Amino acid sequence: MLSAPFDNWWHDAYGLDVKILSPPHTVLALGMLGVAAGVLLLMASLQNRAVAGDHVVGLPFIFMCGVMLTMVSIFLTEHSFPNQQRSREFYIAACLTYPMYLAAAARGSKRRWPATTAALVYAGIVLTMLWVLPLFAAEPKLAPVYRKIDRMVPPPFPLLLVVPALAMDLSLRFFGKQRGFWRDTLLGRAAGIVVLRAAPADAMVLRGVSSEPAGGQLVLRRRAILPLLLQAGFVGARILAHARAQ
Amino acid sequence: VGSPNVFFEGPAGPYPIRVTIRPPGVVPGRAEIDVRVLSGTPSRVTVLPVRWDAGTKGAPSPDVAVPVLGETNLFHAELWLMLTGSHSVFVRVEGPAGQGTTLVPVNSVATRRLPMTSAMGAVLLAFALFLVAVLITLVGAAVRESVLAPDEAPSGRRRWGARGAMAAAVVLLGVALTGGRSWWNSVDSDYRNNKLFEPDPMEARVRTEGGGRVLHLERTAARWGRLLPEHGKLMHAFLVQTNGLAAFVHLHPVPVSGNVAFESALPEIPAGRYRVFADLTHESGFTQTLVAEVDLPAARAATGMERKWPSDADDSWRAAPALGTAGDRQRIPLAQGEAEVSPIGAGLKVCWLRSGPLQRNRDGSLRFLVLDDRNQPAPLEPYLGMLAHAVIQREDGAVFTHLHPFGNISMASQDVFVKRERTRKASPPLEVVCGLPPKENVISFPYEFPQPGRYRIWVQVKIGGEIRTGVFDADGGVTCSRAVPSWHLTPAPLPIRLPVRAVASGCGEGA
């Protein structure tokens, strides 16, 4: 709610921010993620209190993980179009976010294949938009119109998060589902590495990171970036490991 | 300069209309458009924003302007101007008399910087602190007791863990807030350095040739592309003495090197410091007024070697007593009411038909009548394609505008858009318009004074082949009314329009 007056002032001061990631929109995004995280924790609590053998009760938790993955992917849309997926911004953004949510799902859920299911929920939501939105007629309302469209424009095809998610679930089976600092460390790093290695251009990414950082944007240098990327998944795993009763 | 609103008066097919566009001051932003149909019974008015490089082909469907309740034939619309640069608003009026389209060029540039009021800052800060505090307690509670059964007391280990997590959250949030602050600062400095519009820089020098003086204007950067002639001249320059706005020169400097440097001979104006305003129109239809200051040395005795004044047949000048001194102004009663008079030589005089005090952001149409020595309307000849020109400047030079009876738009800019549309098959019939014919010989300039202060107005006409300039002072200055500006006084059409701009441009700032 705070972001609304802030955003309105922003429009008056700097013009309409026709982008997803701007300071007032980030305040909004954090608020939305906060609400979603609250729901996620409620679902975790529901799961914790379930009687043994009730597997359906764990589903809402994983579903929420998928919803949060979708929200994050929407915030990162501007850096995630297919022609940007070799850019350092995409790698930084993707590695700082997706492994965390996947690891959180994997660690927090009591069901089998939790990360994979969450990734499938994300893919399902995005695919539904992809298939349904173009069914509605729409027209651009703001000048200039350089490209005519007559249908609603859906988001691009979802990222194949299901691949690192599957790797994560497999490694979880290998490590075991018990809590533990080293397990979480391994899980988180495995997730980070899988996402980082998901495309062949990782070397370029780490080179690109050290080039001049734009003022005020995500300022990360080469030395700092690798551990940060790898820690993201670890953070997710640690947080949700605590939220899951044994 | 300091007068961003656009005024236009002219025909849209069978309907004479007056259009006022208030640009948003930021890009992208929403321009407010008022269309007043001066006669006839229009049934529908639509407005359409067109960018110069996209044309109507790249325009969305037009917006319908809604009639303003309590007013006759006044229509209001808001249009988004999404990109910087030259735009045109196509205004279409339909009714029983037929339909007509006219276009009003408008620059879309960021012109204002909005400071955050301390109240707004305090509210945002208070909420931010509240959110941060709540988030930290949430982190603590989550680590301490989220997986405990109801009524189970947390162990000492959990309590200490919670404290550690809260400390970590404080550090993390601190880092996040610092990052947010530097992000905001970088957006702000980018806006100030790269987005905020500044006219191209210009240097002004005066050199002496023989006994005469020559003004040399040089554009030190050209960011908006090539120039287009406006009324046949590439540059329209105005020199106004800074001290009391006493001397005024309307020049058309001639290009001497490409379209970068321009020169013109100067008349016998007194030495001193002068402000130079140079109007340019670019090939995209973008217009700008370059500003410079120059010190004028005293003229020496003629040697026969000097450049002859005028350099251009349409150049003219006028010296008058300083702003605020009574000077040669007088008042006479006329059929239209009491008028202020400025003699312009040969028994001719310009009469300013004033109706009430001038107020900021109120319809301040300036109406003039040119009379001969028998108090009969003098026959006016077109001067630079216009019946008359008016130049308005505030005492400190912060507001300057060049007006015509059809408004303050550039005809060359209108021409760019018209020619472009004519190349398209399905384009509406468009004409470059020169305003409406004067009623009862009264020349009317549509205008609203944007700022309070003391103003001087020069009115130029051509009679008997000679250009003559009347001088008027806005007596008592333009005042600032605490009341809501005129366009917000009317009951709002549905949906309710909040007087956002009335508050944003309230009295006080700039007063």
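Gln288(B) counts as buried because its relative accessibility is 3%, where buried means under 20% relative accessible area, exposed means over 50% and partly exposed lies in between (1.4 Å probe, protein chains only). This is a predicted model, so local features need pLDDT of at least 70 and side-chain atom pairs count only at pLDDT 80 or more, while totals for chains, interfaces and linings use all residues. Residues are numbered from 1 along each chain as its sequence is written, chains are lettered from A and ligands numbered from 1 in the order in which they are written, and side-chain values use heavy atoms, with hydrogens and water left out.

**Around Gln288(B)**

Let's stay with that glutamine for a moment. Gln288(B) sits in strand β17 (residues 287-296) of chain B; helices (H or I, at least four residues) and strands (E, at least two) are DSSP runs, numbered from the N terminus. What does the side chain of Gln288(B) make a polar contact with? One partner is the side chain of His282(B), at 2.9 Å, and the side chain of Asp200(B) is joined to Gln288(B) by a polar contact of 3.0 Å. A polar contact here is a pair of N or O atoms within 3.5 Å; within protein, one must be able to donate a hydrogen and the other to accept it, and residues adjacent in sequence count only if both atoms are side-chain atoms.

Leaving out residues up to four places away in sequence, Gln288(B) also touches Phe197(B), Pro199(B), Trp224(B), Ala278(B), Asp279(B) and Leu280(B), among others. Contact means heavy atoms within 4.5 Å.

**A covered strand in chain B**

Next up is β10 (residues 212-219) of chain B, a mostly covered strand with seven of its eight residues buried. Strand β9 (residues 202-209) of chain B pairs with β10(B) in the antiparallel sense over eight bridges, and two strands count as paired if DSSP finds at least two bridges between them. Within that pairing, Val206(B) has Leu215(B) as its bridge partner. β9(B) and β10(B) make a hairpin with two residues between them, and Gly210(B) in the turn has a positive phi of about 65°.

β10(B) is also joined to strand β15 (residues 261-265) of chain B by five bridges, and these two run antiparallel. Here Val214(B) stands opposite Ala265(B) in β15(B).

Most residues other than glycine have a negative phi, and most peptide bonds are trans. The table lists some exceptions.

| Site | Backbone value |
|---|---|
| Val27(B) to Pro28(B) | cis, omega near -5° |
| Trp309(B) to Pro310(B) | cis, omega near -5° |
| His231(B) | positive phi, near 50° |
| Asn375(B) | positive phi, about 60° |

Where do these fall? Pro28(B) lies in the loop between β2 (15-22) and β3 (29-37) of chain B, and Pro310(B) lies in the loop between β17 and β18 (316-319) of chain B. His231(B) is placed in the loop between β11 (227-228) and β12 (236-241) of chain B. As for Asn375(B), its loop runs between β22 (366-371) and β23 (389-394) of chain B, and Asn375(B) counts as partly exposed because its relative accessibility is 40%.

Over to chain A, which has ten helices and zero strands. Of its 246 residues, 45% count as buried. Among the contacts in chain A with a separation of 6 or more, 73% come from residues 24 or more positions apart.

How many residues of chain A are in contact with chain B? There are 32, facing 33 residues of chain B. The area buried between the two chains is about 2900 Å², with carbon and sulfur atoms giving 68% of that; buried area is the accessible area (1.4 Å probe) that two parts lose on being put together, summed over both. In chain A, the residues losing the most area to chain B are Leu2(A), Trp9(A) and Tyr14(A), together 22% of what that side buries.

As for polar links, nine residue pairs are in polar contact between chain A and chain B (both at pLDDT 80 or more). In chain A, α1 (3-14), α2 (23-48) and α10 (222-243) each supply at least two residues of the side that touches chain B, and the largest share, eight residues, comes from α1(A). That side of chain A divides into 19 nonpolar, eight polar and five charged residues; Ala, Val, Leu, Ile, Met, Phe, Trp, Tyr, Cys and Pro count as nonpolar, Asp, Glu, Lys and Arg as charged, and the others, Gly among them, as polar.
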